[in-house]
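Subject: Structure handover

Hello,

Here is the structure for your files. My notes on what was found in it follow below.

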Amino acid sequence: MVDALRGQGRFHDPVARGRAGQALAACEAARLLVYRAVDRRARGSTAGVDASLARTAVVSAEHAVADFAVDFLPDTLTGTAFALHLAHHERAIASGIASGAAEIQLNLIARDHLQLPREAHS
Amino acid sequence: MNFEAEGALATFQTFIDKLAGRHRDSWAGDGGRCAYSPSLDRDLEEGGYFAAATEAELGLPAAVAMVLELSRLPACAELAASALVGPIVCPEMPRPLAVVWNDRRRPVRFLPMARTVLAADDGHVTVARLQAGDVEPAESLFAYPMGLLRHPDALPWQRVEAARRNRLPDLWRLGVAAEITGSLLGALACVADHVTQRRQFGRALGAFQGIQHRLASAASLIEGSRWLVLKAATTGAPIDAAAAIASAQAMARTIVYDLHQFLGAMGLTLEHPLHRWTYRVKLLRSELGGAERNAQALADLAWGLAPTAAGSELAP
């Protein structure tokens, strides 16, 4: 996406650069949390709540990147010239649903990472 | 990157954990906005902890781990500058160290107890020893001891050589990111405890999903920032330091709001220690131009544009 913007001579826009930087930071944070969960598994432990922390971060990062395209490269989401942009957008909008809804991950983080009390049922 | 501390680093972290445990309850709820801890500062100084960054077996990962852990305490000491900047940029100068960017007449944290002030402006880095009477303490909303230089032009400034000064922006990005992340870790734990104990409408506040989800989102953001900080300390790469500070500053606004919200009216008082963390973070949000400028700096580094963000004028 940055290459596409640069190709159009629009990446000097500080707003676009700032949003690209924010999305990149979100991706890097998610990447490290995923590696952390994998590392736990590789050491023989269950990934446990580390997987939920990673999944939550991945959803945020996916949307940061997808929103970057929507805000700065909307024309690339029409037609077939930018297949990767389209593929990413379709994956990103499902990222909070697939493999366990994001809200379920938040429940698990609340319970297992923050040790918050379970919701009382009547 | 190793996700588990081993060897000398693991041992160092054990000592830091014990030190933090001794100071965990020393927040001194005296109603003041700031709780500076001379005893924590003394323990760190006498224990030689500030030398970690330049120890071959420890280095920046140990120094950053120390800043992360001790920033979780409600009381504060001058950490990031002495742990990261002092040993590398101006090792000959005494600590505590106050760091001021761009305008020497600004209020600066830790100036009231600093023995050295470091100034980065006009493409230069200079340091000056401080004497009694050089600093005017300043009242502030922020939970740091704040002060102003009385006569900045009259101080005996000395230039820092280029090889050392060029490391300052990345070290400071790393230190600020570590302090924000550690402070938010401490604040989140404090609020999680409150919503577990406090009951309303027949159940603990923390049992409400609306509260759980926002605190869980905060936890995910903070954990992501923590690993970005640790990675940046491990690689020493400018792009990783930029990612760490951009992430930390960006998450601060939403998380600080939520943490105060879930404390209800208690979160508006000075009686509860929450403000000791959040009003440090509120000051750190603006360091080196703030989240948006540091995100631009990250983009510049990632995609090869000429740097334009605050601090970049010191880059080689």
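Which residues does B:Thr278 touch, not counting residues up to four places away in sequence? They are B:Val256 and B:His260. Please keep in mind that this is a predicted model. B:Thr278 sits in helix 9 (residues 274-284) of chain B. Its relative accessible area is 0%, and since buried means under 20%, B:Thr278 counts as buried.

Chain A

Chain A contains five helices and zero strands, and its pattern along the sequence reads α-α-α-α-α. Its radius of gyration is 18 Å, whereas the globule rule gives 14 Å for 122 residues, so chain A is more spread out than a compact globule. The C-alpha trace of chain A spans about 55 × 40 × 25 Å along its principal axes.

Of the 122 residues in chain A, 42% are buried. Among its contacts with a separation of 6 or more, 64% are between residues 24 or more positions apart. The accessible surface of chain A is about 6500 Å², and carbon and sulfur atoms account for 57% of that.

Chain B

Chain B has ten helices and nine strands. The globule rule gives 20 Å for its 316 residues and the radius of gyration is 19 Å, close to that value, so chain B is as compact as a globular protein of that length. Its C-alpha trace spans about 65 × 45 × 40 Å along the principal axes.

In chain B, 58% of the 316 residues count as buried. Of the contacts between residues at least 6 apart in sequence, 69% join residues at least 24 apart. Chain B exposes about 12600 Å², with 50% supplied by carbon and sulfur atoms. There are 31 positive and 33 negative charges in chain B, and their mean positions lie 5 Å apart.

In soluble globular proteins, nonpolar side chains tend to be buried together. The largest nonpolar core here has 104 residues, and B:Leu70, B:Leu118 and B:Leu215 are those with the most contacts inside it. Helix 6 (residues 168-197) of chain B gives the most to this core, namely 16 residues. Apart from this core lies another, of 13 residues, which include B:Ala98, B:Val117, B:Leu149 and B:Trp157.

Backbone points to check

B:Arg95 and B:Pro96 are joined by a cis peptide bond, with omega about -5°. B:Pro96 belongs to the loop between helix 4 (80-89) and strand 1 (97-101) of chain B.

B:Phe110 is not a glycine, yet it has a positive phi of about 70°. It is found in the loop between strand 2 (108-109) and strand 3 (116-121) of chain B. Is B:Phe110 buried or exposed? B:Phe110 is buried, as its relative accessible area is 2%.

B:Asp122, also not a glycine, has a positive phi of about 55°. B:Asp122 lies in the loop between strand 3 and strand 4 (124-129) of chain B. With a relative accessible area of 71%, B:Asp122 is exposed.

Regards

Definitions and conventions. Residues are numbered from 1 along each chain as its sequence is written. Chains are lettered from A and ligands numbered from 1 in the order in which they are written. This is a predicted model: local features need pLDDT of at least 70, side-chain atom pairs count only at pLDDT 80 or more; totals for chains, interfaces and linings use all residues. Side-chain values use heavy atoms; hydrogens and water are left out. Helices (H or I, at least four residues) and strands (E, at least two) are DSSP runs, numbered from the N terminus. The radius of gyration is taken over C-alpha atoms; the globule rule is 2.2 Å times the number of residues to the power 0.38. Buried means under 20% relative accessible area, exposed over 50%, partly exposed in between (1.4 Å probe, protein chains only). Contact means heavy atoms within 4.5 Å. Accessible areas come from the Shrake-Rupley method with a 1.4 Å probe; for residues, only the protein chains shown count as cover. A nonpolar core is a set of buried Ala, Val, Leu, Ile, Met, Phe, Trp, Tyr and Cys residues joined through side-chain atoms within 4.5 Å. Lys and Arg count as positive and Asp and Glu as negative; His and the chain ends are not counted. The place of a charge is taken as NZ of Lys, CZ of Arg, CG of Asp or CD of Glu.
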